[in-house]
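Work through the exercises below with the sequence and the 3D structure at hand. Try each task before reading its solution.

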Amino acid sequence: MISYNKDREGYIHSIDTGGMVDGPGIRYVIFLSGCHLRCKYCHNPDTWKLKDGKPVTVEEAIKDVKKYSSYLKFSGGGVTITGGDPFVQSEFLIDLLAACKSYGIHTTVDTSGYAKREVAERALQYTDLLLLDIKSFNPDTFKNLTGVPINRTLEVLELSRDLKVPVWMRFVLVPGYTDNMDDIKKMADHLKLFDNVKKIDVLPFHKLGEYKWANLGIPYELADVQPPSKEVLEQARSILKI
């Protein structure tokens, strides 16, 4: 019997009941508000502030998820909790994951991994798949891009291996920032140590969320950065191919 606090309240920014890219099958994607990172290329800066979301209890959230559970399960899908970054609301995240598991629903957590080890360990016990963003393997570049150090992300990656949680890695190729091939090769060598990393997606930088920065009155530092060339993107993908 999985127990959880059904009255735990959290802040949900938005929901997508037909997600197709945030884990296997059709996903009920919950975007929690709040993020500790300030990534220069973030396409959802409107999720940064915790209380910009709508207050919802775990019971209210899981009640809505259950409406879609039959087709989620039929498609081999489930629930993906993303953000923002879900670990900002760690207690709500853990209870929501436990609630999903109590109904036999596949769970995915999409995160930058900026979490304390003991908190991540509690969440991962109810997590079937971890989508882990690694902004850069170079600690200086990582800090420059995000405003936080890399160590917690790497610790969560190690924890996922210890707990045997499958991982899909995501890496955004940003010209002038994360396109250093030596750094990418170091990352590839490091990831070879993790047999639970099942997939690595190399995604091209884009500016589709730039208008949100303007709407929020936040300076967008990467306005002059262009998407990577097809050749550079393929070179990175070939290095990180598993």
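**Exercise 1.** In which strand does Glu9 lie? Describe its exposure and its surroundings.

*Solution.* The model is a predicted one.

Step 1. Glu9 belongs to strand S1, which covers residues 9-19.

Step 2. The relative accessibility of Glu9 is 48%, so Glu9 counts as partly exposed. The cut-offs behind this step are under 20% for buried and over 50% for exposed.

Step 3. Leaving out residues up to four places away in sequence, Glu9 touches Pro55, Val56, Thr57 and Phe92.

Step 4. Glu9 and Glu59 are 50 residues apart along the chain, and 9.0 Å separates their C-alpha atoms.

**Exercise 2.** Describe how helix H4 and helix H6 are arranged and which residues meet.

*Solution.* Step 1. Two packed helices are described by the angle between their axes and the distance between the axes.

Step 1. For H4 (residues 117-124) and H6 (residues 151-162), the axes come within 10 Å and cross at roughly 40°. H4 is therefore oblique to H6.

Step 2. The crossing of H4 past H6 is right-handed.

Step 3. On the H4 side, the contact involves Arg117, Ala120, Glu121 and Leu124. These meet Glu155, Val156, Leu159, Ser160 and Asp162 in H6. Sorted by type, the residues of this contact are 4 nonpolar, 1 polar and 4 charged.

**Exercise 3.** Which residues of helix H9 are buried, and what covers them?

*Solution.* Step 1. H9 runs over residues 230-239, and its buried residues are Leu233, Ala236 and Ile239.

Step 1. Viewed down the axis of H9, these residues fall within an arc of 125°, so they line one face of the helix.

Step 2. The face of H9 turned away from the buried side carries Lys230 and Glu231, which are exposed.

Step 3. The cover over the buried residues of H9 includes strand S7 (167-173), helix H7 (181-191) and strand S8 (197-204). Strand S8 is also where Asp201 from Exercise 2 lies.

How values were computed:
Residues are numbered from 1 along each chain as its sequence is written. This is a predicted model: local features need pLDDT of at least 70, side-chain atom pairs count only at pLDDT 80 or more; totals for chains, interfaces and linings use all residues. Side-chain values use heavy atoms; hydrogens and water are left out. Axes are lines fitted to C-alpha atoms, for helices over the stretch in contact, and angles run from 0 to 180 degrees between N-to-C directions. Helices (H or I, at least four residues) and strands (E, at least two) are DSSP runs, numbered from the N terminus. Angles under 35 degrees count as roughly parallel, over 145 as roughly antiparallel, 65 to 115 as roughly perpendicular and the rest as oblique. A crossing is left-handed if the near helix is turned anticlockwise from the far one by less than a right angle, and right-handed if clockwise. Contact means heavy atoms within 4.5 Å. Ala, Val, Leu, Ile, Met, Phe, Trp, Tyr, Cys and Pro count as nonpolar, Asp, Glu, Lys and Arg as charged, and the others, Gly among them, as polar. Buried means under 20% relative accessible area, exposed over 50%, partly exposed in between (1.4 Å probe, protein chains only). The arc is that of the directions from the helix axis to the C-beta atoms.
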